[in-house]
Each structure stands twice: as C-alpha cells, then as structure tokens.
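Trainee: I would like to learn how to read the cavities and the backbone of a model. Please take me through one.

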Amino acid sequence: MDYSCFLSAVSAARQPNCARITKEMERQMSSTIMLAGGMPNSNYFPIKTASFTIVDGTTIEIGEEMMKRALQYAPSEGIQELLSWLMDLQLSLHDPPTAKYSPEKGKMKICITTGSQEGLSKVIEMLVNPGDNVLLDDPTYTATLLALKPLGCNLIKVPSDKHGIIPKALKEILSKWKPEHANKPHNNIPKFLYTIPNGSNPSGTSLTIERKKEIYQLASDYNFLIIEDDPYYFLQYEKVGK
C-alpha cells in the first residue's frame with residue numbers, strides 16, 4: 001500500500017540525511033574509530049559492564065562488548081538485533097496483513113522511540129496538515145488532544161459505549177462523504193481514526209472483534225488510517241467466575 005497520500009506537507013518535504021550512520025558503517029565501527037562521524041573511541045566509555053536483577057531473581061548481565069555497542073552511536077533506525085526481535089514479536093502476536101504480501105519482513109517498519117508519547121507525537125506530525133479532519137473515540141486520551149489541537153486540525157469525536165467505538169455512529173459521521181471520492185485529492189475525508197483498542201484511557205473500554213471488523217471495513221471503504229494506541233495489550237485479564 002502506498003501511504004504517501006497520507007503524509008503531511010512537512011513530512012512529505014523531508015529528505016534522507018546521507019551523513020547518517022548506515023548498517024555498513026556500523027559493521028566497520030567494530031574495528032575502526034570513525035572520527036568523520038563524530039563517534040568516540042568506545043574503549044574510553046565510562047561504563048564497562050552492568051548487571052540487573054529482576055523481581056523473579058533472574059540476573060541479566062551486559063558484558064563489555066555489548067556495553068560498548070549500547071553506548072556507541074548506531075544506525076538511525078536502531079540496533080538491528082532489537083529491531084528484528086520487535087519485528088518477530090509483532091509478526092507472532094498480530095500477524096499483520098502487510099507481512100503476508102511481502103517477500104521480506106522489511107516491508108513492515110519498526111520504529112523505536114523514547115516512549116509512547118514521543119511515538120504518538122511523531123505519528124501525528126507525520127500525518128496532520130492544518131484543516132485536516134481527524135476522528136477520535138469519545139472520550140479519549142487527554143495527551144492526544146493536547147498534541148492535536150495546536151496543529152489546527154478538526155477533531156471529530158465518535159461516540160462509544162462499554163464496548164468501545166460504536167460502528168453505527170462512526171458510519172453516520174462518515175455519511176457526509178462519499179466512498180467513491182476517497183481516492184480523489186482534497187476530498188477532506190478524515191485522514192485517520194485514533195483509538196485505544198484495549199483498556200481505553202480514560203473509559204477503560206475494549207473494542208470487540210466484531211466492532212473492529214466493522215470499523216476496519218469503514219476504514220477500507222473511506223480510505224482512512226487507523227492509529228491504534230495500544231499500551232495495555234499485555235495488561236488484559238480473564239473474567240473470573242463466581
């Protein structure tokens with residue numbers, strides 16, 4: 001799928017930096033001190049090793065060579081082993097459709113940020129132009145509202161109940177546009193739907209599979225993205241019987 005039509009004007013204008021560290025440069029860094037890239041001599045890093053003990057008593061040791069790598073500059077996309085681990089995790093848990101049609105996993109991009117709020121801010125900046133229409137479940141995460149409002153977009157709140165976004169309400173909101181106009185430029189159809197599918201903050205609701213399917217179908221019909229903010233995926237509880 002070509003996502004370029006969703007990019008904001010600012011994001012579309014960005015160009016790659018040829019001076020950034022590449023995978024090939026990273027391989028050379030193990031035996032070369034690359035002063036041209038501003039990379040320090042790793043033999044003089046102040047921390048040599050580290051040891052962590054987690055709550056179950058397991059100890060994790062970071063040796064000297066791994067510590068050098070952790071403290072040294074790395075390719076802009078991140079350390080390859082970590083990216084590969086995260087990629088495999090996503091493939092095993094979510095089985096994204098993109099991976100099925102790709103001869104290599106690289107078609108699905110993994111981006112590492114300092115935290116969810118930074119990641120969310122980057123996604124919003126990447127997509128939103130002033131005047132764009134954006135869909136959000138109501139109520140929604142207050143920090144998302146704070147990130148969106150300064151960008152001059154139109155926030156369209158979609159009613160929800162104890163099972164999350166109400167597909168019928170979303171369909172009614174979208175009825176002011178025509179699906180056949182979805183691929184035409186300047187159609188003003190909402191660019192994306194932001195939602196927290198599991199344990200939504202602040203409502204605590206979780207979307208049912210049936211509702212997800214209905215919402216995904218609407219997204220396909222009207223050609224808008226779904227931005228899932230899913231920090232609570234691993235904090236789900238089974239219902240306990242009496």
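Trainee: How does the lining of the second largest cavity divide into nonpolar, polar and charged residues?

Mentor: The lining of the second largest cavity has 5 nonpolar, 1 polar and 2 charged residues. Ala, Val, Leu, Ile, Met, Phe, Trp, Tyr, Cys and Pro count as nonpolar, Asp, Glu, Lys and Arg as charged, and the others, Gly among them, as polar. This is a predicted model: local features need pLDDT of at least 70, side-chain atom pairs count only at pLDDT 80 or more, and totals for chains, interfaces and linings use all residues. Residues are numbered from 1 along each chain as its sequence is written, and side-chain values use heavy atoms, with hydrogens and water left out.

Trainee: What is a cavity, and which residues line this one?

Mentor: On a 1 Å grid over the protein atoms alone, a cavity is a set of points where a 1.4 Å probe fits but cannot get out; lining residues have an atom within 4 Å of a point. Here the second largest cavity is lined by L193, T195, L207, K212, I215, Y216, I226 and E228. β6, α9 and β7 each give two or more residues to that lining, and α9 has the largest share, with 3 residues. Helices (H or I, at least four residues) and strands (E, at least two) are DSSP runs, numbered from the N terminus.

Trainee: How many cavities of 30 Å³ or more are there, and what is the volume of the largest?

Mentor: A volume is the space filled by probe spheres set on the points, which are joined across faces, edges and corners. There are 2 cavities of 30 Å³ or more. Among the residues lining the largest cavity are D137, P139, T195 and L207. Its lining divides into 5 nonpolar, 6 polar and 1 charged.

Trainee: What is the phi of N188, and is N188 buried or partly exposed?

Mentor: N188 has a positive phi of about 65 degrees although it is not a glycine. N188 lies in the loop between α8 (167–174) and β6. Its relative accessible area is 43%, so N188 is partly exposed (buried means under 20%, exposed over 50%, partly exposed in between, with a 1.4 Å probe and protein chains only). N223, in the loop between α9 and β7 (225–228), also has a positive phi, about 55 degrees, and is not a glycine.

Notes
1 Å grid on protein atoms, 1.4 Å probe; cavity = no way out; pocket = protein on both sides within 12 Å on 5 of 7 lines; lining within 4 Å.
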